[in-house]
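Please read this note with the model open beside you. Each point can be checked by finding the residues named in it.

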Amino acid sequence: MRIALVAHDRKKDELSAFAKRHALLLAKHALSATGNTGTAITKATGLPVHRYLSGPLGGDQQIGSAIATGELDMLIFLRDPLTAHPHEPDVTALLRLSDVVGIPIATNLATAEALMALLK
Ligand code: PGA
């Protein structure tokens with residue numbers, strides 16, 4: 001599967017720990033991420049991650065484009081629901097496109113864990 005991973009700043013540690021826990025499983029899949037999230041995941045796991053631009057600079061839109069054109073199969077996006085982000089419209093658009101195309105998305109750790117069960 002082609003899996004995109006994104007985490008807002010306050011969720012990056014959570015996503016890095018998640019990726020580390022599931023590194024053996026994730027290693028069998030093609031991973032991509034927004035810029036800083038990708039750097040954090042590679043640092044935590046050593047796994048190769050295709051890095052798009054940083055989210056606020058257009059990375060969320062790039063991932064949205066990849067979803068729209070059928071190039072991604074799953075999105076794990078740990079959003080920070082307690083902090084305002086200047087690129088909120090991009091975040092919303094990305095989630096909307098996931099629903100248009102119908103790929104599984106997780107926006108919190110509990111659902112992300114559930115999605116890992118699909119990969120086994
Ligand atoms: P980042 O972007 O991984 O480059 O920090 C995430 C986001 O805010 O969408």
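1. Basis of the note. This is a predicted model, in which local features need pLDDT of at least 70, side-chain atom pairs count only at pLDDT 80 or more, and totals for chains, interfaces and linings use all residues. Residues are numbered from 1 along each chain as its sequence is written, and side-chain values use heavy atoms, with hydrogens and water left out.

2. Elements. The protein has six helices and five strands. Helices (H or I, at least four residues) and strands (E, at least two) are DSSP runs, numbered from the N terminus. Read from the N terminus, the order is β-α-α-β-α-β-α-β-α-β-α.

3. Overall size. The radius of gyration, taken over C-alpha atoms, is 13 Å, close to the 14 Å that the globule rule gives for 120 residues, so the protein is as compact as a globular protein of that length. The globule rule is 2.2 Å times the number of residues to the power 0.38. The C-alpha trace spans about 35 × 25 × 25 Å along its principal axes.

4. Of the 120 residues in the protein, 48% are buried. Buried means under 20% relative accessible area, exposed means over 50%, and partly exposed lies in between (1.4 Å probe, protein chains only). Contact means heavy atoms within 4.5 Å. Among contacts between residues at least 6 apart in sequence, 68% join residues at least 24 apart.

5. Packing of α4 and α5. How do the axes of helix α4 and helix α5 cross? The axes of α4 (residues 59-68) and α5 (residues 88-101) come within 9 Å and cross at roughly 10°. Axes are lines fitted to C-alpha atoms, for helices over the stretch in contact, and angles run from 0 to 180 degrees between N-to-C directions. The two helices, α4 and α5, are therefore roughly parallel to each other. On this scale, angles under 35 degrees count as roughly parallel, over 145 as roughly antiparallel, 65 to 115 as roughly perpendicular and the rest as oblique.

6. Residues between the two helices. From α4, the residues D60, Q61, I63, G64, I67 and A68 meet D90, V91, L94, L97, S98 and V101 of α5. The residues of this contact divide into seven nonpolar, three polar and two charged. Here Ala, Val, Leu, Ile, Met, Phe, Trp, Tyr, Cys and Pro count as nonpolar, Asp, Glu, Lys and Arg as charged, and the others, Gly among them, as polar.

7. Salt bridges. Side chains of opposite charge can pair when their charged atoms come close. The structure holds four salt bridges, each being a side-chain nitrogen of Lys or Arg within 4 Å of a carboxyl oxygen of Asp or Glu. One of them joins D73 and R2, with N to O at 2.9 Å. This pair links distant parts of the chain, 71 residues apart: D73 is in the loop between α4 and β4 (74-78), and R2 is in strand β1 (residues 2-7). D73 is partly exposed, at 24% relative accessibility, and R2 is partly exposed at 34%.

8. Two further salt bridges. D9 and K12 pair through their side chains at 2.6 Å, N to O. D9 is exposed, at 62%, whereas K12 is buried at 15%. In the pair of E14 and K11, the closest N and O atoms are 3.7 Å apart; E14 is partly exposed, at 30%.

9. F77. Is F77 buried or exposed? F77, in strand β4, is buried, with a relative accessible area of 0%. Apart from residues up to four places away in sequence, F77 touches V6, H8, D60, V91, L94, L95, A106 and T107. F77 and V91 are 14 residues apart in sequence, and their C-alpha atoms are 9.2 Å apart.

10. Other buried residues. S16, in helix α1 (residues 12-21), is buried at 12%. Beyond its neighbours within four places in sequence, S16 is in contact with A40, I41 and A44.
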